[in-house]
Amino acid sequence: MSARPARPADEAGDLRARARARLLLLGSLVLAPLSACVVWRSLRSERAGAPPSATDAAWRSESHTPASGNAFATSDGLLAEVTEKVLPAKGFESRIRLGASVVKLIDAGAIDRQKFEALYRSRGGLSAELQRTLAAPSDRAIHLTRGNAGDYVNLLWPLGLSNHMAANEASPINGESLPGFASTGGWTLGKEANGSAYFNRLRIVPLTTEQEARVTEIARRTYRPCCNNSTFFQDCNHGSALLGLLELGTSQGLTEDELVREALAFNSFWFPRNYIETALYFRVARGIGWKDVDPREVMGFDYSAAGPWLQNVHAKLAAMPNVLPRQTDGSCAT
């Protein structure tokens, strides 16, 4: 692996915990989407052009419906109820719109439409929703579902990666190793071969100084369960995608509370097993329903970073009798 650039002090502790978390993740019974948050050369499965994506694989292996017969499909009524709260079958109605962002990304070359279409051709072709999104600006609020969650990773990823923010000058990925991260080397659907060519270069979503400060603050305090890195440390596709979502939402006037709630909803669809277990933990151990959880707490280090999540959620649930369903498939989906 190539050497990583120096990180700010507030990220340094994450790196040590991250190494420990990776060992725990390999032995965990929980299949989180593990194709993110490490140097590109160690995770070729995260290439945007390598079908299927990690999100697709997760949904193939676990549909999270009571009748599917997989590890999370159980007759347990509580688990089925919690699953529906976290991943409603009707989807999540976001307050955020893509607007002209995707069209601007295409015009700037950060998305090569031919490459994008070729990727989806191998998956059965572009959906009508994706065709509309690539063709023209959209004022429709995003309707996130189990079926299109992976699509929104691919749409938001280049946005978070390329959109200019002054704060990105201090990004932990901004250094000599920039081309070697999963978020940069993994983005192969632009005109350039490596997504590092677009990092912080484009003004797709204009932000005021105040708005940029809000995005940066939230990004530094929110995490994802594939690693121990904050959203601001966008070294993987999900990190870049969530940063892009925060930029869009902030530019459209969402409050901090609304932004963090949106972030939790998108993370839940991108990392379904983790957040189903998290919701189960809050319900069983703390008596709090999913709609009543504090999204800041859930998206924080203790419940959304990989290592702490294993200790604070999965290990505690595993120690409770008859709470977690028996795992029926211990293989890693790729």
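A crossing of two helices is right-handed if the near helix is turned clockwise from the far one by less than a right angle, and left-handed if anticlockwise. The structure is a predicted model, in which local features need pLDDT of at least 70, side-chain atom pairs count only at pLDDT 80 or more, and totals for chains, interfaces and linings use all residues. Residues are numbered from 1 along each chain as its sequence is written, and side-chain values use heavy atoms, with hydrogens and water left out.

**Chain overview**

- The chain has 15 helices and two strands, taken as DSSP runs numbered from the N terminus (helices H or I, at least four residues; strands E, at least two).
- Of the 334 residues, 57% are buried (under 20% relative accessible area with a 1.4 Å probe, protein chains only; exposed is over 50%, partly exposed in between).
- Contacts (heavy atoms within 4.5 Å) between residues at least 6 apart in sequence join residues at least 24 apart in 76% of cases.

**Helix 6 against helix 7**

- The axes of helix 6 (residues 128–135) and helix 7 come within 11 Å and cross at roughly 15 degrees; axes are lines fitted to C-alpha atoms over the stretch in contact, and angles run from 0 to 180 degrees between N-to-C directions.
- Helix 6 and helix 7 are therefore roughly parallel (under 35 degrees; over 145 is roughly antiparallel, 65 to 115 roughly perpendicular, the rest oblique).
- Their crossing is right-handed.
- Glu129, Leu130, Thr133 and Leu134 of helix 6 meet Asp151, Tyr152 and Leu155 of helix 7.
- These residues divide into four nonpolar, one polar and two charged (nonpolar: Ala, Val, Leu, Ile, Met, Phe, Trp, Tyr, Cys and Pro; charged: Asp, Glu, Lys and Arg; polar: the others, Gly among them).

**Helix 5 against helix 7**

- Helix 5 (residues 113–121) and helix 7 (residues 149–162) have axes that come within 13 Å and cross at roughly 160 degrees, which makes the two helices roughly antiparallel.
- This crossing is right-handed.
- Phe116, Leu119 and Tyr120 of helix 5 contact Gly150, Asp151, Asn154 and Leu155 of helix 7.
- By class, the contact has four nonpolar, two polar and one charged residue.

**Positive phi**

- Most residues other than glycine have a negative phi.
- Asn200, in the loop between helix 8 (182–185) and helix 9 (209–221), has a positive phi of about 60 degrees and is buried, with a relative accessible area of 7%.
- Asn322, in the segment after helix 15 (306–318), has a positive phi near 60 degrees and is exposed, with a relative accessible area of 77%.
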